Amino acid sequence: MQGGYMNRILRVDLSNRTWTTEELDEKLIRDYIGGRGFGAKLLYDDLKPGIDPYSEENEIIFIAGPLAATGAQSCARFEIYFKSPQTGGYFQSSGGGFFAPEMKFAGYDAIIIRGKSEKPVYLWIHDDKVEFRDGAYLWGLGLADTEQLIREELNDPYVRVAAIGPAGENLVKYAGVFSDRRAAARGGGGAVMGSKNLKAVAVRGHQKVPIANNDLFQQALKAQVATYRENPTYEMMHTTGTQASELTAVLGMYPWKNFREAPGPEWEKLQASEFNKLRVRKMGCHNCMIRCSQITKVLDGPYKGVWSEGPEYETLWSFSGPIGKAEIGLTVLADRLCDELGLDTISAGQSIGFAYELYEKGVITKEDTDGLELVYGNIEAVPKLIEMIAHREGFGDILAEGTKRMAEKYNQGSEYYAIQVKGLELPAYDPRGAKAHGLNLATSPLGADHNYGYGSQELFGVPIPRPVDRFAVEGKGEITKFNQDWAAFTETGILCTFASLMTGPDVFSQLLYGATGVEEFADPNYMWVVGERIVNLERMFNAREGFTRKDDRMPERIVKEPLPYGPSAGQVFQEDALLDDYYAARGWDRVTGIPRAEKLLQLGLDFTLDYAAQ
Amino acid sequence: MTMQLSDAVMLVNVLYFGHLREVTSKDKEAVELPSGATVGTLIEFLEDKYGPEYRTAMDAIKGLRILIDGRDHTLLGGMDAPLSEDCTVVFLPPIAGG
């Protein structure tokens with residue numbers, strides 16, 4: 001048998017409190033490799049179309065990749081797969097930390113959970129045993145308390161816990177799943193767990209991950225470390241972290257006041273150099289020398305004494321850009337609150353920012369907001385709003401639905417400036433200034449998820465496969481296909497997105513080949529095909545749910561309203577031309593945006609043909 | 001040095017990050033260059049102003065990007081990329097995040 005895998009999937013049914021295990025299928029390994037490949041295939045096979053994301057039939061699947069706990073760098077992320085209550089479609093979300101290696105130590109490549117527990121429960125998975133433990137006393141607690149109490153109850157400080165906070169319990173549409181302050185935050189996986197009365201999954205194991213060919217693997221690992229050391233991005237992330245406000249500001253892509261503007265000089269208060277002054281400790285995930293995370297503590301001002309692990313770029317933007325105010329202490333506090341209550345910072349910040357614009361336009365008033373004055377510049381309300389969202393208290397109950405549903409509720413033309421795709425709020429790069437990055441946000445089956453296909457050429461100047469002009473439209477379909485297939489390729493081993501910028505396809509293929517012993521994986525060309533297969537399968541999951549080109553729509557503001565000033569001034573997102581180019585590059589039907597039968601057959605996805613473009 | 005390209009002059013905004021801030025002791029400034037100046041002209045000017053340390057520091061930043069009004073200079077002609085009145089040139093060390 002191959003190495004890398006533990007060769008075992010755990011299936012849990014919360015409704016009748018049963019569990020079974022099954023071996024990995026050889027064909028599943030060869031066709032999908034692992035990680036996101038497994039997640040996409042298992043979810044497609046297991047879920048019937050049209051199910052309610054909160055029904056017992058929905059699943060939440062935890063995946064550890066074949067390179068987790070092998071010694072390979074930056075491959076310790078866990079991923080969760082589910083039908084999203086936020087988008088109604090396929091979803092996968094990824095978090096760092098130590099949970100995935102512990103899954104492997106316990107002997108599992110995947111944990112598939114369905115059904116619904118009658119009462120709050122948590123799962124205790126330790127080596128060959130699975131227990132359904134009382135979770136009632138944990139219900140209502142924040143993440144830190146939940147993890148600590150579980151470790152105390154199990155009398156083992158090394159237990160790893162993936163849990164939800166009050167936001168997940170209260171079915172906030174963008175509640176995440178958290179482990180050691182690292183979040184698989186987007187898409188509402190936490191709400192799916194909450195709907196199942198599942199507070200947490202705790203794992204501990206004592207097995208060793210086998211390596212198929214240790215000489216080859218060690219050689220590849222040395223090469224990976226060498227590529228890190230040679231790459232200037234490594235030094236930057238290692239010393240500074242992942243705060244990129246300098247970059248987006250000088251590109252004119254730091255969205256301000258709900259994507260109406262580029263920021264003025266205020267952004268300078270949120271430069272990495274300012275956060276570095278607050279850093280008290282560096283942190284990292286299992287087996288990752290980058291150690292990009294950091295503990296930040298506010299030194300003075302109204303938020304003095306507040307600390308968090310972070311904020312990373314998306315979060316520092318989410319609590320500055322959407323509300324049009326750069327207060328570093330607030331970004332730290334908001335990050336901490338979201339980590340504790342179990343919220344996706346991007347959707348939380350965007351929902352609050354959307355409310356500020358609704359308030360400015362008079363669509364909502366103090367009567368709607370429980371007396372809070374959501375006037376730009378007034379940031380005191382923000383921590384209170386985060387608490388209200390997590391507990392669905394008052395106006396927070398409406399914010400908890402996200403911008404798409406808020407716009408549906410309030411109407412009055414507000415859909416125009418609800419900054420979301422498929423119900424998922426846009427992240428912190430204005431797509432008008434980077435067309436391939438925007439094209440990824442528009443076409444991702446997850447909605448506006450940046451990690452689905454980072455436009456690294458446009459944003460970071462990475463000249464692979466070629467340098468590109470970020471404002472150009474022509475050729476961006478091909479670039480977006482490249483970026484999305486690359487992300488899927490590297491997520492088969494759940495290589496961190498940041499690390500994928502440093503680890504090239506050759507080294508990554510060798511790592512997988514050395515660890516697993518599967519000869520096909522030594523060929524990067526094979527891996528590119530698997531990446532494309534995964535993207536097409538995910539697309540077909542959504543096609544089965546009725547998604548078409550009409551769902552690949554950017555917010556109207558992004559399409560119609562040029563950025564008023566700054567280095568991206570005058571730019572809009574040329575949606576129709578970009579989508580046409582993308583579908584052509586993909587070999588998908590231009591009218592529906594759905595893969596054609598010949599493409600699906602070419603990729604071995606014949607089991608999806610019923611939903612192919614006609 | 002080819003500073004005297006024209007009698008006419010223009011103002012160019014320059015932004016510094018990282019080590020270049022230490023060398024220049026500032027994070028931004030406006031410099032006066034002859035009309036028709038290029039990125040190469042600007043760098044020569046900065047070497048003159050701050051000494052050879054500027055070039056040394058610049059060369060030491062692996063992956064340094066030079067942006068002209070938000071666009072990579074490599075796509076605009078490299079060192080020959082033209083500058084214009086009131087444009088902004090950014091010397092940006094590698095930054096990635098999310």
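Let's start in chain B, where Leu15(B) stands opposite Lys28(B) in strand E2 of chain B. Please keep in mind that this is a predicted model: local features need pLDDT of at least 70, side-chain atom pairs count only at pLDDT 80 or more, and totals for chains, interfaces and linings use all residues. Residues are numbered from 1 along each chain as its sequence is written, while chains are lettered from A and ligands numbered from 1 in the order in which they are written.

A word on names: helices (H or I, at least four residues) and strands (E, at least two) are DSSP runs, numbered from the N terminus. Two strands pair if DSSP finds at least two bridges between them.

Back to Leu15(B). Strand E1 (residues 9-16) of chain B is joined to strand E2 (residues 28-34) of chain B by 7 bridges, and the two run antiparallel. E1(B) also pairs with strand E5 (residues 88-92) of chain B, in the parallel sense, over 4 bridges. Which residue of E5(B) is the bridge partner of Leu15(B)? That is Val90(B).

Now to the place where the chains meet. Here 25 residues of chain A are in contact with 19 residues of chain B; contact means that the C-beta atoms of two residues, placed from the backbone, lie within 7 Å. On the chain A side, the elements giving two or more residues are helix H8 (232-240), helix H9 (245-250), helix H11 (313-318) and helix H20 (497-500). H8(A) supplies the largest share, 4 residues. By class, this side has 13 nonpolar, 8 polar and 4 charged residues. For the classes, Ala, Val, Leu, Ile, Met, Phe, Trp, Tyr, Cys and Pro count as nonpolar, Asp, Glu, Lys and Arg as charged, and the others, Gly among them, as polar.

At 1.5 Å a residue, the 17 residues of H7(A) should span 24 Å, and the end C-alpha atoms are 24 Å apart, which agrees; the expected span is 1.5 Å times one less than the number of residues. Which residues of H7(A) are buried? They are Phe217(A), Ala220(A), Leu221(A), Gln224(A) and Tyr228(A). Buried means that 20 or more other C-beta atoms lie within 10 Å of a residue's own, exposed means 12 or fewer, and partly exposed is in between, with C-beta atoms placed from the backbone. Seen down the axis of H7(A), the buried residues fall within an arc of 105 degrees, so they line one face of the helix; the arc is that of the directions from the helix axis to the C-beta atoms. They pack against H8 and helix H21 (505-516) of chain A. On the other side of H7(A), Asp215(A), Lys222(A), Ala226(A), Arg229(A) and Glu230(A) are exposed.

Next, a strand in chain A. In strand E9 (residues 160-163), Arg160(A) and Ala162(A) point one way, Val161(A) and Ala163(A) the other, and all are buried. E9(A) runs antiparallel to strand E12 (residues 198-204) of chain A, joined by 4 bridges, and Val161(A) stands opposite Ala202(A) there.

Last stop: Ala400(A), in the loop between helix H15 (396-399) and helix H16 (402-410) of chain A. Is Ala400(A) buried or exposed? Ala400(A) is buried, with 27 other C-beta atoms within 10 Å. Leaving out residues up to four places away in sequence, Ala400(A) touches Val172(A), Lys173(A), Ile389(A) and Arg392(A). Ala348(A) is 52 residues from Ala400(A) in sequence, yet 7.8 Å away in space, C-alpha to C-alpha.
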